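Here are some friendly notes from a colleague, meant to be read alongside the model. Please keep the structure open as you go through the points.

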Amino acid sequence: MPENSIYIARSTSIAARALAGEMMVMNPTDSTFFTLNEVATAIFQAADGQTPLQEIVRDRICEQFDVDPEQAQADAKQFVTELSTHGILLVSDQPLRGETP
Amino acid sequence: MTAPARKIACVEIGGIPIALSTTDPAFFDLLQQRYGGFLSSAPSRPEFELDFDLSAVPPSDQDVKVSRSGEEWIITRGDFHARWDNQTGRGTVRQNANPYSLDSVLRIVHSLILAERGGFLLHAASAICEGQACLFSGVSGAGKTTMTRLAPPGITLLTDEVSYVRPTDDGYAAFGTPFAGELARPGENRTASLSALYFLEQGPENRIDEISSPEAVRRLMRNILFFAEDPGLVKSLLATACDFVGKVPVRRLTFYPDGRVWNAVGDYSRSLQEVLEHA
């Protein structure tokens with residue numbers, strides 16, 4: 001397990017749907033609705049609770065999108081923090097059980 | 001001593017009849033008056049039935065809360081307590097003889113029935129124009145009631161407040177509802193295929209613009225009436241919203257509030273129809 005790893009998993013209580021290349025995510029408990037862009041969608045879809053966030057960004061984002069690796073890691077952490085405050089993503093320093101929407 | 005006789009008013013909205021039963025003659029009269037245009041004959045074994053108990057509900061300001069207990073939905077608000085079982089199609093309501101409580105219970109029960117059938121109630125005005133139904137949705141003050149007030153003769157108003165939408169073999173249809181907003185007039189009990197959903201904004205001139213599919217879904221979800229914080233229900237509604245946006249044109253209608261907006265809607269409906277016919 002890499003040091004200082006962050007693990008992310010999709011909450012089992014949310015609704016998510018892909019449309020026209022964007023992911024729409026809704027939390028029924030507070031009716032918050034997010035439309036995720038391509039990069040955010042890639043992170044969301046890879047949030048299996050088992051793969052560290054750093055690895056997701058390295059393999060799924062930096063490999064596929066033209067982004068600065070350091071900036072991508074920082075942006076991903078900010079994105080994950082925002083979605084976790086709305087109960088969309090679960091975050092832990094240990095592997096988590098997730099759900100495929 | 002015999003129990004008082006139950007009287008049944010069968011109210012059919014959106015092609016879904018619900019038998020409303022009561023032992024109170026005055027409440028039965030209220031049902032018949034309020035839903036006069038939507039009454040149908042009660043079958044011997046109705047598919048859906050709500051039994052009303054008019055014993056007093058202690059006054060409270062509690063907001064509506066819809067929660068699930070097994071197969072049963074528990075629906076409570078300060079002015080009513082109801083239970084509804086989607087599997088059996090049976091429910092009970094305890095409320096005062098108040099028409100607003102009655103409307104609210106019916107809307108919630110219909111929203112639960114529709115969610116399982118791929119339909120929904122939308123915070124929108126709707127009307128039949130050129131033989132096709134149009135929905136006009138938006139935030140409060142966007143112009144739903146204004147649109148219905150500006151409607152010329154020949155337009156059939158389905159509602160100025162809560163639109164009833166169900167899937168059909170080749171798209172979606174809108175139905176009239178008795179749920180009135182500021183217009184204080186129930187809609188016509190008619191139905192037609194949906195030609196478009198317009199999100200309203202008022203502006204200096206009439207124009208109709210396309211909006212992206214994700215934006216259309218976002219706006220649609222914001223205006224669908226659903227009351228339960230139930231993950232399964234929300235997942236089902238999001239799937240329905242995506243399907244709807246894939247089948248029904250969703251546009252932004254910026255309008256100047258005079259009668260000419262209906263010419264713009266009529267012209268646009270015809271152009272959509274022509275596109276469909278040539279597709």
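Predicted model: local features only at pLDDT ≥ 70, side-chain atom pairs only at ≥ 80, totals over all residues.

1. Residues are numbered from 1 along each chain as its sequence is written, and chains are lettered from A and ligands numbered from 1 in the order in which they are written.

2. The contact draws 14 residues from chain B and 12 residues from chain A; two residues are in contact if their C-beta atoms, placed from the backbone, lie within 7 Å. On the side of chain B that touches chain A, α4 (213-223) and α5 (231-247) of chain B each supply at least two residues. Helices here are DSSP runs of H or I with at least four residues, strands are runs of E with at least two, and both are numbered from the N terminus. α5(B) gives the most to this side, with 6 residues.

3. Within chain B, the axes of α4(B) and α5(B) come within 9 Å and cross at roughly 130 degrees. Axes are lines fitted to C-alpha atoms, for helices over the stretch in contact, and angles run from 0 to 180 degrees between N-to-C directions. α4(B) and α5(B) are therefore oblique to each other (angles under 35 degrees count as roughly parallel, over 145 as roughly antiparallel, 65 to 115 as roughly perpendicular and the rest as oblique). Residues making the contact include L220(B) and M221(B) of α4(B) and F244(B) and V245(B) of α5(B).

4. Chain B is divided into domain 1 (7-116) and domain 2 (120-278), with bounds that come from an automatic or database domain assignment. The C-alpha centres of these two domains of chain B lie 26 Å apart. In the contact, 18 residues of domain 1 of chain B meet 19 residues of domain 2 of chain B. β5 (65-69) and α2 (99-116) of chain B each supply at least two residues of the domain 1 side, and the largest share of that side, 7 residues, comes from α2(B).

5. The axes of helix α1 (residues 38-46) and helix α2 (residues 53-62) of chain A come within 10 Å and cross at roughly 130 degrees. α1(A) and α2(A) are therefore oblique to each other. Their contact involves V39(A), A42(A), I43(A) and A46(A) of α1(A), together with I56(A), R60(A) and I61(A) of α2(A).
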